[in-house]
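Me: I'm new to this one and would like to go through it with you. Could you take my questions as they come?
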Amino acid sequence: MNQHTVKAFDNDIGQLRGLVAQMGGLAEEAIVKAMQALGRADLSLAEEVRAGDAAIDRLEAEVERLAVRVIALRAPLANDLREVVAAMKIASVVERIADYAKNIARRIPQIEGEHRIEPVSILPAMGRMAGEMVRHALDAFGARDADAALAVLDSDRALDDFYDSIFRTLVTYMVENPATISQVAHLLFVAKNLERIGDHATNVAEMVYFAATGIQIADRGGKERN
Amino acid sequence: MTAGTKMTVRDVSVWYGAKPALSNVSLDIEREEVIALIGPSGCGKSTLLRTLNRLNDSVAGARVQGLVTLDGEDVYAPATDPVALRARVGMVFQAPNPFPKTIRENVAYGLRIHGLARGRADLDAQVERALTRAGLWAEVRDRLGDPALSLSGGQQQRLCIARALAVEPEVILMDEPCSALDPIGTARIEELIGDLRGRYAICIVTHNMQQAARVSQRTAFFDAGRLIEYGATSELFTNPRETRTRDYITGRYG
């Protein structure tokens, strides 16, 4: 795409995209670390995830401030407008994603010391899948790539299946051994948080699709992929 | 032409001397819509505006080819009287250009020359109605005998709109009507355009993209004498079909 006649406009948009990418990187890292902390019962890593959330919140505020400034000063239109609005919305969704990672980290001290049941070892795989969805959605935004955004939607179905399977496994554990109920209840929330992260990543992908094409993903009609 | 169409432009080309100003433009102007014409300087948008009410007739060397109709009748037919046409298709110019007369006379002038008033009382009533529609009546009712040039720029522009409205036009052409006005004057004119919509077909040329987006239902983008894209304003400014339109409205032009 050509550059703007007003160079500062390109700088503003570049900065906005940079901030969103940075937020996405931190959120993905928070998910990965929270799951590592869960797997290894690493309380200091869990604390690191909780403490790291403030940085993501600050970035979100910065995205909002810059987006409002761009709208006020540059009056963006067409793809520029869609991109600025998407950046603002994506930042708010990524902040929520990071909150889920923080929630997972918060549960780790509460199941500390209990004998770890086996699903604890498969939850990190679900965590990786959720983290990858976040990364792919944000990469699609960075590349303005509508097809890459659509691929994220497909991953969400796989993540949902993963959640259903873990859910059934965890319930079985509770039924078979009531002593695990407290721990499993926490793990159910962890799995649910990861499933929600996938939903939010899907949401980001939908925003990326609209920003890139000007078409709401639900209205894409003929462009529906099989 | 559909039932809602007021004017049609078909394969219209305009030359000033040997220089082409507009090439093969076709579009419809709907009865109850505001249409905005946008594009870089020299793109032909003002030329099209002036073609709609034959203002180009007085330009030496100007030549128009193609068909322009008003209610299905050929605007350029030999039988068409350009003066009568301009009463039906009124024009508001870039800089407010009231006559150096009183406020009342500015509005009454057109009524007189077209013989549209029956006596003093009728004339006054029509002057009041035009000034009311132009959103100026409350501000000038007590000073109708003052010189028009004593009004502010924004008021002068609304007076020019009242002058155009007085002769009961069917179409109003506006050539950058706010470019000489401050933000408040601009807001008043934009509000007025909204009020006038429905009663008149309105065609506005503007360099202000936000203004086009605010006041119009359809927008036409011109570049180098050609109509590049014409469609719903809401679409054109959020998701233009043509790359050239996008580059222009997002400030990536040239």
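Me: How many residue pairs are in polar contact between chain B and chain A?
Reply: This is a predicted model, and between chain B and chain A the count is 12 residue pairs in polar contact, with both residues at pLDDT 80 or more.

Me: Which elements of chain B give two or more residues to the side that touches chain A?
Reply: Those elements are helix 8 (209-215), helix 9 (233-238) and helix 10 (243-249) of chain B, and helix 10 gives the most, with three residues.

Me: And what is that side made of, by class?
Reply: On the side of chain B that touches chain A there are five nonpolar, five polar and three charged residues.

Me: OK, how many salt bridges between the two chains?
Reply: The count is one salt bridge, formed by Asp80(A) with Arg252(B), whose closest N and O atoms are 2.8 Å apart.

Me: What area is buried there?
Reply: About 1,200 Å² is buried between chain B and chain A, and carbon and sulfur atoms give 46% of that. In chain B, the residues that lose the most area to chain A are Asn239(B), Thr250(B) and Arg252(B), which together account for 45% of what that side buries.

Me: Changing topic, where does Asn53(B) lie?
Reply: Asn53(B) lies in chain B, in the loop between helix 1 (45-52) and strand 4 (62-70).

Me: Is it buried or exposed?
Reply: Asn53(B) counts as buried because its relative accessibility is 2%, which falls under the 20% cut-off.

Me: What does its side chain reach?
Reply: The side chain of Asn53(B) reaches the backbone oxygen of Val89(B) at 3.2 Å. Beyond its neighbours within four places in sequence, Asn53(B) is in contact with residues including Leu85(B), Met91(B) and Leu173(B).

Conventions:
Residues numbered from 1 in each chain as written. Chains lettered and ligands numbered in written order. Predicted model: local features only at pLDDT ≥ 70, side-chain atom pairs only at ≥ 80, totals over all residues. Heavy atoms only, no water. Helix = DSSP H or I, 4+ residues; strand = E, 2+ residues; numbered from the N terminus. Buried < 20%, exposed > 50% of the residue type's maximum accessible area, 1.4 Å probe, protein only. Polar contact = N/O pair within 3.5 Å; in protein donor to acceptor, adjacent residues only side chain to side chain. Contact = heavy atoms within 4.5 Å. Buried area = accessible area lost by both parts, 1.4 Å probe. Salt bridge = Lys/Arg side-chain N within 4 Å of Asp/Glu carboxyl O. Nonpolar A, V, L, I, M, F, W, Y, C, P; charged D, E, K, R; others polar.
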